[in-house]
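Me: Could you walk me through this structure, one question at a time? I would like the cut-offs spelled out as we go.

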Amino acid sequence: DERLKFAVPVYGCGHYEETTFAAPLSKLPPEQSALWYAQWDAKHYIPAIRVPTLSVNGPNDKFFWPPGWQKSHQQMPPALRTVSLRLGMKHGSPPAGDPPEVSAFADSVVRGGESLVKATDTRREGDEVVADFASPRPLSKADLVYTTDTESPWEERVWQSTPAEVEKDSVKALLPPDARFYYVALQDDRGLITTTDYGEKP
């Protein structure tokens, strides 16, 4: 729909085989399950997105788990996507701009507001995680968010955070030796949070 100027999926994603909904879909007759995935899974439509998109979720969301969520936004062109994997975010929120990144992102597209922080590259350099970013406003803080748990259901995994060092246009953080999944959270001086994609350490 060319009338749309931006999109902000909150929680929702495609790749339903990696969400809580895979279980009920597996109980359908095979032909019905296959038809559902072929017609309704958003992963078939996400590559057609051509507007700036903010994808928001929490790492412990009980319905839309990080693997399916991340695979979904990675189907978009990098220039169009901004992500916010907010630690502690629960499934359910009041209307009209909660989390606050939603309305700020909308304003940046249609009202000339300042954009959110955008991670432009993330990499491992030995034991350090380095995230480059672009932002019209200064960062107030950055954190490395990680979990050591690879076995529990995603909604039950405990995530921890440790401060990252903020430099001019990058942040650095030492990756704890027992961390297995991790990402960097970037907070500007308005308190608005965006993140990198999550990485996995073998």
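**Aromatic groups**

Reply: Happy to! Rings of Phe, Tyr and Trp (its six-membered ring) pair if their centres lie within 6.5 Å, and planes under 30 degrees apart count as stacked, over 60 as edge-to-face and the rest as tilted. This is a predicted model, where local features need pLDDT of at least 70, side-chain atom pairs count only at pLDDT 80 or more, and totals for chains, interfaces and linings use all residues. Residues are numbered from 1 along each chain as its sequence is written, and side-chain values use heavy atoms, with hydrogens and water left out.

Me: How many aromatic pairs does the structure hold? And what kind of pair do Phe181 and Tyr198 make?

Reply: The structure holds eleven aromatic pairs. For Phe181 and Tyr198, the ring centres are 5.9 Å apart and the planes are at 75°, so this pair is edge-to-face.

Me: Where in the chain do Phe181 and Tyr198 lie, and how many residues apart are they?

Reply: Helices (H or I, at least four residues) and strands (E, at least two) are DSSP runs, numbered from the N terminus. Phe181 is in strand 9 (residues 181-188), and Tyr198 is in the loop between strand 10 (193-195) and strand 11 (199-200). The pair links distant parts of the chain, and the separation is 17 residues.

Me: Are Phe181 and Tyr198 buried or exposed?

Reply: Buried means under 20% relative accessible area, exposed over 50%, and partly exposed in between (1.4 Å probe, protein chains only). By that rule, Phe181 and Tyr198 are both buried.

Me: Why is strand 9 described as largely enclosed by the rest of the structure?

Reply: Strand 9 pairs with strand 5 (residues 139-147) in the antiparallel sense over eight bridges, where two strands pair if DSSP finds at least two bridges between them. One of the residues in strand 9, Tyr183, is the bridge partner of Val145. Strand 9 is largely enclosed because the number of its eight residues that are buried is seven.

Me: Which residue in the turn between strand 9 and strand 10 has a positive phi?

Reply: Strand 9 and strand 10 pair in the antiparallel sense over three bridges, with Ala185 opposite Thr195. They form a hairpin with four residues between them, and the turn residue with a positive phi of about 85° is Gly191.

Me: What is the relative accessible area of Asp188?

Reply: Asp188 lies in strand 9. Leaving aside neighbours within four places in sequence, Asp188 is in contact (heavy atoms within 4.5 Å) with Val117, Arg137, Pro138, Leu139 and Ser140. Asp188 is buried, and its relative accessible area is 1%.

Me: Which strands do the buried residues of helix 3 pack against?

Reply: In helix 3 (residues 66-73), seven of the eight residues are buried, so this helix is largely enclosed by the rest of the structure. Trp69 and His73 are among them. The buried residues of helix 3 pack against strand 1 and strand 2.

Me: Which residue with a positive phi follows helix 4?

Reply: In helix 4 (residues 100-110), Glu101, Val102, Ala104, Phe105 and Ala106 are buried. What covers the buried residues of helix 4 includes strand 1 (53-57), strand 2 (81-85) and strand 10. The residue that follows helix 4, with a phi near 75°, is Gly112.
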